[in-house]
Amino acid sequence: LALAISPAMAVELRFDGFASIVAGQVLDKDELYEDNFRGYDNKLRFQQNSMFALQVRADLQDRISATAQIAAKGKDNYEASFNWAYLTYEISNEWSARFGRQRIPYFMYSDFLDVGYAYHWIEPPYHVYNLAGFDSADGLSVEHQTDIGPWTSRATAMVGRANTTLETSFDSEVETEVSDILMVNWSMNYDWFTARVVYAQSDLTFDFSTLLEGQIFPMLETAFPLGLSMVLSDASRQEFAVTDDKVTFGGVGISIDTGKFFLAAEATELGVEDSFLQEPSSQWYISAGFRVGDFTPYITYEHVESDYN
């Protein structure tokens, strides 16, 4: 509003709003693990995947614009927060740069991940798309888009960092930091066919100290009356520390959309080096369907593998 009424600068503002209202219920409570499944139990719930959001764009100068997106998600008790807040500079017709908080384009649907109307799922495949809140970062990205013959090429490079708070199954919170993010992705589109590849790496730090010393180690000491030192050496304790552990992420994806028929598939691999968390995990999905008037019947199959230490 300050920009809109400022006599020193004429700014054109554009507001876009979107919302998803989702209801879910587990049909057999005997199949529940830890009394819920992705935020749902055996009673009808409307909160977990519902959200409301507002996006604002302001054209500041000929080649500079500002974009902010504020979202209130049901799983966060509808507490509003900035998903995006960045400046865009149009370097040329083919090159652009963004600075600020922005979505990291890990996946084919990253650019509109919260806009449920933009894809056929209620939510994207869980095991592929769930990054525990690390889908946005503060940083700088550069994008190049051009035509190569009949193909449209789009390439993005990004550097940045992200901080978030994770909730654990021990009813406690862990402060996390992802630093030195380096990400590159490239997609090629020809009419109804799109293919893309992505690679990212970063340093991961979990502040596990309170959780380890307050809950996990006392629990292990109870389980081993002879003493925790008999089963967990000082070196082993250090293995629990996650401090600047290198994380790598790679993925490929394809999309076929003829208008009536569509097919999408993505495969990713996520690994944390020198960490007790897990060996590299691999996950993929394939989804296909067709449009019949206002309806879209489809089927999705998802697979995940992870070997925990």
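**The strands and the pocket beside them**

Modeller: Let's begin with threonine 146, which counts as buried because its relative accessibility is 15%; the cut-offs are under 20% for buried, over 50% for exposed and partly exposed in between, with a 1.4 Å probe and protein chains only. Keep in mind that this is a predicted model, where local features need pLDDT of at least 70 and side-chain atom pairs count only at pLDDT 80 or more, while totals for chains, interfaces and linings use all residues. Residues are numbered from 1 along each chain as its sequence is written, and side-chain values use heavy atoms, with hydrogens and water left out.

You'll find threonine 146 in strand β6. Strands here are DSSP runs of E with at least two residues, helices are runs of H or I with at least four, and both are numbered from the N terminus. The side chain of threonine 146 makes a polar contact of 2.9 Å with the side chain of glutamate 94. A polar contact means a pair of N or O atoms within 3.5 Å; within protein, one must be able to donate a hydrogen and the other to accept it, and residues adjacent in sequence count only if both atoms are side-chain atoms.

Now follow the strands. β6 (residues 136–148) runs antiparallel to β5, and nine bridges join them; two strands pair if DSSP finds at least two bridges between them. Tyrosine 89 has alanine 97 of β5 as its bridge partner, and a hairpin of four residues takes the chain from β4 to β5.

Keep stepping across and you reach β3, paired with β4 in the antiparallel sense over nine bridges. Serine 65 finds its bridge partner in threonine 88 of β4. The hairpin between β3 and β4 has six residues, and asparagine 77 in its turn has a positive phi of about 60°. β3 (residues 64–73) is mostly covered, with seven of its ten residues buried. Then comes β2 (residues 51–59), which pairs with β3 in the antiparallel sense over nine bridges. The bridge partner of alanine 58 is alanine 66 in β3, and the β2–β3 hairpin runs through four residues.

Back to β5, which gives the largest share of the lining of the second largest pocket, five residues. A pocket is found on a 1 Å grid over the protein atoms alone, as an open set of points where a 1.4 Å probe fits, with protein on both sides within 12 Å along at least five of seven lines; lining residues have an atom within 4 Å of a point. The space in this pocket is about 1,100 Å³, where grid points are joined across faces, edges and corners and the volume is the space filled by probe spheres set on the points. In total 43 residues line the pocket, and Met108, Tyr109, Asp111, Phe112 and Arg154 lie nearest its centre.

Rings of Phe, Tyr and Trp (its six-membered ring) pair if their centres lie within 6.5 Å; planes under 30 degrees apart are stacked, over 60 edge-to-face and the rest tilted. Tyrosine 109 and tyrosine 119 sit edge-to-face, 5.9 Å centre to centre with 80° between the planes. Each of these tyrosines lies in the loop between β5 and α2 (126–129), so the pair ties together parts that are ten residues apart in sequence. Both tyrosine 109 and tyrosine 119 are buried.

Tryptophan 121 and tyrosine 285 make another edge-to-face pair, at 5.5 Å and 85°. This one links distant parts of the chain, 164 residues apart: tryptophan 121 is in the loop between β5 and α2, tyrosine 285 in β12 (residues 281–290). Tryptophan 121 and tyrosine 285 are both buried. These rings belong to one aromatic cluster of Tyr106, Phe107, Tyr109, Phe112, Tyr119, Trp121, Tyr129, Phe249 and Tyr285.
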